[in-house]
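Here are my notes on the model you sent over.

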Amino acid sequence: MAAAVHRPAQPSAHFAAAPLEWKAIRKGGESFPIEISLAAWEAEGLLFFSGIIRDITQRKRTETELMAHQTMLRKVSAELSLAEERERRQFATVLHDSIGQDLSFTRFKLRELRAEAEAGGSTGGAGGSGSEKLLKRTDELAEVLDKMIV
């Protein structure tokens, strides 16, 4: 003969609400943040309810501090970007001015050499032959260009 075994019905959740944030008041009248979690279920034909209340003061304080740090980080990042941009502009200006002067000098000297070459070169004079002068001047220009490249 088999005996009947009565098993209690498994609880079935009817609902579990998402946690809600509220303000509570301590005995001294101070307001503080809380989180309330609610749930209801049925078991053995009965309806049960539960609620959990948590003091979330520390979590809220930490969230506030985190937001302040994120704001500060965004500000520092923006300042760094501006400083980098200023540095790039300053470097570009110095580079342009320095190279610009050297290039202008080189262009001037090259035009002189071209004019001399078109005129048939130098006649020599006190500085030596015309071809020696041209070689010396091209060497000078090469030195200027070397300084700009290095």
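1. Start with the surface. A patch is built from residues with over 30% relative accessible area and no salt bridge, joining like charges within 9 Å or nonpolar side chains (Val, Leu, Ile, Met, Phe, Trp, Tyr) within 5 Å. Here F15, L38, L47 and F49 make a nonpolar surface patch of about 410 Å². Areas are from the Shrake-Rupley method with a 1.4 Å probe, and for residues only the protein chains shown count as cover. L47 belongs to strand β4, residues 46-55.

2. Some ground rules before you go on. This is a predicted model, where local features need pLDDT of at least 70 and side-chain atom pairs count only at pLDDT 80 or more, while totals for chains, interfaces and linings use all residues. Residues are numbered from 1 along each chain as its sequence is written, and side-chain values use heavy atoms, with hydrogens and water left out.

3. The overall layout. The protein has 2 helices and 4 strands, and reading along the sequence gives β-β-β-β-α-α. Helices (H or I, at least four residues) and strands (E, at least two) are DSSP runs numbered from the N terminus. Of the 150 residues, 13% count as buried; buried means under 20% relative accessible area, exposed over 50%, and partly exposed in between (1.4 Å probe, protein chains only). The accessible surface comes to about 12500 Å², and carbon and sulfur atoms account for 61% of that.

4. Contacts along the chain. A contact means heavy atoms within 4.5 Å. Among contacts between residues at least 6 apart in sequence, 38% join residues at least 24 apart.

5. Which residues does T106 touch, leaving out those up to four places away in sequence? They are L141, V144 and L145. T106 lies in helix α1, and it counts as buried because its relative accessibility is 5%.

6. Now look at I52, in strand β4. With a relative accessible area of 43%, I52 is partly exposed. Not counting residues up to four places away in sequence, I52 touches E35, I36 and S37. The C-alpha atoms of I52 and I34 are separated by 10.0 Å, with the two residues 18 apart along the chain.

7. Aromatics. The structure holds 1 aromatic pair: W41 and F48, stacked at 5.8 Å centre to centre with 15 degrees between the planes. For this label, rings of Phe, Tyr and Trp (its six-membered ring) need centres within 6.5 Å; planes under 30 degrees apart are stacked, over 60 edge-to-face, and the rest tilted. W41 counts as partly exposed because its relative accessibility is 27%. F48 is partly exposed too, at 34%.

8. There's also a charge over a ring. The charged end of R26 sits over the ring of F32, 3.9 Å from the ring centre. The cut-offs are NZ of Lys or CZ of Arg within 6 Å of the ring centre and within 35 degrees of the ring normal.

9. How many salt bridges does the structure hold? There are 11, each being a side-chain nitrogen of Lys or Arg within 4 Å of a carboxyl oxygen of Asp or Glu. As background, side chains of opposite charge can pair when their charged atoms come close. One to look at is K60 with E21, at 2.7 Å from N to O. That pair links distant parts of the chain: K60 is in helix α1 (residues 57-118) and E21 in strand β2 (residues 20-25), 39 residues apart. K60 is partly exposed at 25% relative accessibility, and so is E21 at 44%.

10. R89 and E85 meet at 3.2 Å, N to O; because they are 4 residues apart in helix α1, about one helical turn separates them. R89 counts as exposed at 55% relative accessibility, whereas E85 is partly exposed at 29%. E112 and K109 meet at 3.6 Å, N to O, and being 3 residues apart in helix α1, they are also separated by about one helical turn. E112 is partly exposed at 27%, as is K109 at 21%. Elsewhere, salt bridges with shared partners join E21, E35, R54, R59, K60 and E63 into one network.
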